[in-house]
Structure formats: C-alpha cells, structure tokens
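This note collects comments on the structure shown below, arranged as numbered points.

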Amino acid sequence: MLIETIGSIESTINLNFKKNMQPSAGTTAGKLTGKVAVITGGTEGIGFAAAQLFVKEGAFVFITGRRQKELDEAVKVIGSNVHGVQGDVANLADLDRLFDTVGKVKGRIDVLFANAGVAEFSPLAKVTEAHFDKLFNINVRGALFSVQKGLPLLNDGGSIILTGSVAGSKGTPAFGVYGATKAAIRCFVRGWTMELKDRRIRSNVLSPGPTDTPAIDQQPPDAIARIVSTIPMGRMGKPEEIAKAALFLASDDSSFVTGIELFVDGGRAQI
Ligand SMILES: NC(=O)c1ccc[n+]([C@@H]2O[C@H](COP(=O)([O-])OP(=O)(O)OC[C@H]3O[C@@H](n4cnc5c(N)ncnc54)[C@H](OP(=O)(O)O)[C@@H]3O)[C@@H](O)[C@H]2O)c1
C-alpha cells in the first residue's frame with residue numbers, strides 16, 4: 001500500500017526531532033531552478049538534508065520513506081515544492097507507484113537520487129540469510145530498480161546519484177555484508193555510465209564517511225568513538241555536508257563528471 005502526502009499538510013504530528021531544522025526558504029533562483037528530483041529515503045538524515053537543499057536551490061522534490069509519520073513530518077518541514085510518496089524501495093510495486101505518481105504530477109525527472117539504504121553489523125560467523133537478504137534487498141536491489149523504473153521519466157542529460165559508503169572500500173569488522181552492498185552499487189554506476197552515455201545521462205556514486213544521522217545515532221557510544229577515531233578530520237560528517245556534494249552531482253556544476261565515486265568522508269577512505 002502506498003500513501004501520498006502533498007505540500008503543506010496540516011496535522012498535529014510531533015516535530016520535535018526536527019526542531020533544529022528551519023523550513024526551506026522557497027524557490028529563489030538557484031542551481032536547480034526548474035528541475036525535478038526524486039530522492040529515495042528522503043525523510044531523515046542525508047536524503048532529508050539533500051531534499052531541503054535541492055528545494056532551496058529551486059527544485060521540485062519527491063521524497064520517499066517507509067514510515068508515513070516521518071514522511072509527513074519531512075514534507076511539513078520542507079514546506080513547499082515537495083511531494084511525499086510512502087513506499088519501500090525493496091518492493092517493486094511500491095516503486096511502480098512512486099514513478100507512476102511522479103509521471104502524473106510532473107511528467108519528468110532531472111535528478112534521480114537513489115539514497116535509501118540501511119546499515120547493520122554482523123560478524124561473519126553470525127551472518128544470517130535474513131541479514132544478507134535485508135541489506136541486499138534494500139541497498140542493491142532497491143537502488144537498481146529505483147533507477148530502472150525511474151529511467152523512462154529521466155530526461156536526456158539527467159543526473160543519477162547513488163549513495164555509496166566508505167564501507168565499500170575500507171574494511172570494518174562485522175560490516176562485510178553492508179560493505180559488499182556499497183561495492184555492488186559502485187559497479188552499477190560504472191556500467192550505467194557507458195550504457196546511458198548516448199542519452200548524456202551522468203551516473204555517479206556519492207560515498208559519505210560516518211555521518212551524524214539517525215542511522216548512526218542507533219550505535220552505542222563506544223562504537224561511535226571507535227568510528228570517529230578512524231576519521232583523519234577527527235569528527236563525523238553532517239548530513240548538510242553530504243547534501244552539498246549531492247547538489248554538486250545533481251547540478252550543472254558537475255557537467256563533465258560521470259562514473260565517479262565522490263568521497264565526502266573527512267579523509268576516512270583516502271589514507
Ligand atoms: N550515516 C552514515 O554514516 C552513512 C555513511 C555512509 C553511507 N550512508 C548511506 O547513506 C544513505 C542514507 O543514510 P542515512 O544515514 O541518512 O540513514 P537514515 O538517517 O537512517 O535515513 C535513511 C532514510 O532512508 C529511508 N529508508 C530506509 N530504508 C528504506 C526502504 N527500504 N525504502 C524506502 N526508504 C527507506 C528512511 O526512512 P524509513 O525508515 O521510514 O523507510 C530514511 O528516510 C544510506 O544509503 C546509507 O547506507 C550513511
């Protein structure tokens with residue numbers, strides 16, 4: 001079942017967790033003026049920060065997520081030029097409905113940001129089928145079919161962005177399956193760069209290092225301290241810092257950039 005949320009919804013939902021976030025400024029001329037973007041996993045963290053920035057830079061943005069309440073809150077905080085579509089990227093029927101909605105509302109896509117993903121730890125000896133299937137279904141299958149099903153609406157000259165991770169390049173104990181999902185999508189982009197070049201569609205991976213989002217907040221404090229100790233800059237990234245790199249890949253600022261993996265990681269994977 002896929003439910004939609006449009007524009008400035010009126011509700012009594014609790015906005016406390018986004019209390020530090022300000023409504024977007026609107027659609028003054030910017031780097032994405034007139035563009036239509038789809039951001040999967042746009043209700044929190046990196047995707048939400050990107051949605052806010054894209055709208056501020058003039059785009060109309062579709063955001064998705066599985067939880068309706070968080071989706072409603074995100075749409076309300078962004079405030080305008082946003083359309084929420086509830087759904088799971090691992091569910092192909094949900095993806096069909098997402099792009100059916102995008103087609104009906106806007107009729108085209110300029111930026112397709114397949115960002116939805118989940119991270120879970122499991123040491124090799126304890127990896128289960130459920131752990132493997134969950135991570136690959138969301139992070140790999142979800143990314144692949146988000147792009148495949150969005151492609152008919154993507155304009156020639158459009159931009160595809162996949163959210164990778166430093167974990168696709170650097171080894172971390174108990175993070176092998178997650179790292180493998182991010183290595184897999186890195187390979188998707190190599191192939192798509194060639195496959196879509198005649199349509200001038202650029203495909204790139206944006207690979208954050210550890211970033212202070214709800215996904216990271218769920219980790220125990222000692223695990224967070226260990227993670228931070230591996231980052232040359234000595235701190236985690238902020239979602240807004242990753243969003244700025246997403247804006248670069250989405251906009252004409254990166255008009256001669258395709259097939260790359262852009263690390264935004266405080267140096268984590270560079271040394
Ligand atoms: N934070 C980091 O340190 C870090 C580092 C490197 C890479 N990344 C990657 O960055 C991306 C975003 O992560 P984040 O840290 O921003 O995570 P987050 O704060 O947990 O946000 C994840 C977003 O994706 C949505 N989502 C998750 N599974 C989904 C699914 N199956 N279908 C649709 N939406 C789904 C979530 O909403 P629902 O839960 O409601 O579905 C939420 O909007 C992921 O691909 C992650 O692997 C994160």
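1. The term pLDDT denotes the predictor's confidence in each residue, on a scale from 0 to 100. The model under review is predicted. Its protein has an average pLDDT of 91, and 90% of the residues score at least 70.

2. Over residues 1-27 the pLDDT stays under 50. For these residues the model has 44 contacts beyond four places in sequence.

3. Which residues come nearest to the ligand? Of the 32 residues around the ligand, these are G41, G45, G65, R66 and G117. Two or more residues of the shell are given by each of helix 1 (45-56), strand 3 (60-65), helix 4 (129-150) and helix 6 (214-217). By class, the shell around the ligand comprises 12 nonpolar, 15 polar and 5 charged residues.

4. Helix 1, one of the elements contributing to the ligand shell, also packs against helix 8 (residues 239-250), with the two axes coming within 8 Å and crossing at roughly 55°. Helix 1 is therefore oblique to helix 8. The crossing of the pair is right-handed. On the side of helix 1 the contact is made by G45, I46, A49, A50, L53 and F54; helix 8 supplies P239, E240, I242, A243, K244, A246, L247 and A250. The residues of this contact divide into 11 nonpolar, 1 polar and 2 charged. G45 is listed both in this contact and among the residues that come nearest to the ligand.

5. Helix 4, which likewise gives residues to the ligand shell, packs with helix 5 (residues 176-195) at an angle of about 20°, their axes being 9 Å apart. Helix 4 is therefore roughly parallel to helix 5. This crossing is right-handed. Helix 4 takes part through H131, F132, L135, F136, N139, V140, A143 and L144, and helix 5 through V177, Y178, T181, K182, A184, I185 and F188. The contact of helix 4 with helix 5 has 11 nonpolar, 3 polar and 1 charged residues.

6. Helix 4 has a further partner in helix 3 (residues 92-105): the axes come within 10 Å and cross at roughly 35°. Helix 3 passes helix 4 in a right-handed crossing. Which residues of helix 3 meet helix 4? They are L92, L95, D96 and F99, and their counterparts in helix 4 are F145, S146, K149 and G150. The class division for the contact of helix 3 with helix 4 is 4 nonpolar, 2 polar and 2 charged.

Note on methods. Residues are numbered from 1 along each chain as its sequence is written. This is a predicted model: local features need pLDDT of at least 70, side-chain atom pairs count only at pLDDT 80 or more; totals for chains, interfaces and linings use all residues. A residue is near a molecule or strand if its C-beta atom, placed from the backbone, lies within 6 Å of it. Helices (H or I, at least four residues) and strands (E, at least two) are DSSP runs, numbered from the N terminus. Ala, Val, Leu, Ile, Met, Phe, Trp, Tyr, Cys and Pro count as nonpolar, Asp, Glu, Lys and Arg as charged, and the others, Gly among them, as polar. Axes are lines fitted to C-alpha atoms, for helices over the stretch in contact, and angles run from 0 to 180 degrees between N-to-C directions. A crossing is left-handed if the near helix is turned anticlockwise from the far one by less than a right angle, and right-handed if clockwise. Two residues are in contact if their C-beta atoms, placed from the backbone, lie within 7 Å. Angles under 35 degrees count as roughly parallel, over 145 as roughly antiparallel, 65 to 115 as roughly perpendicular and the rest as oblique.
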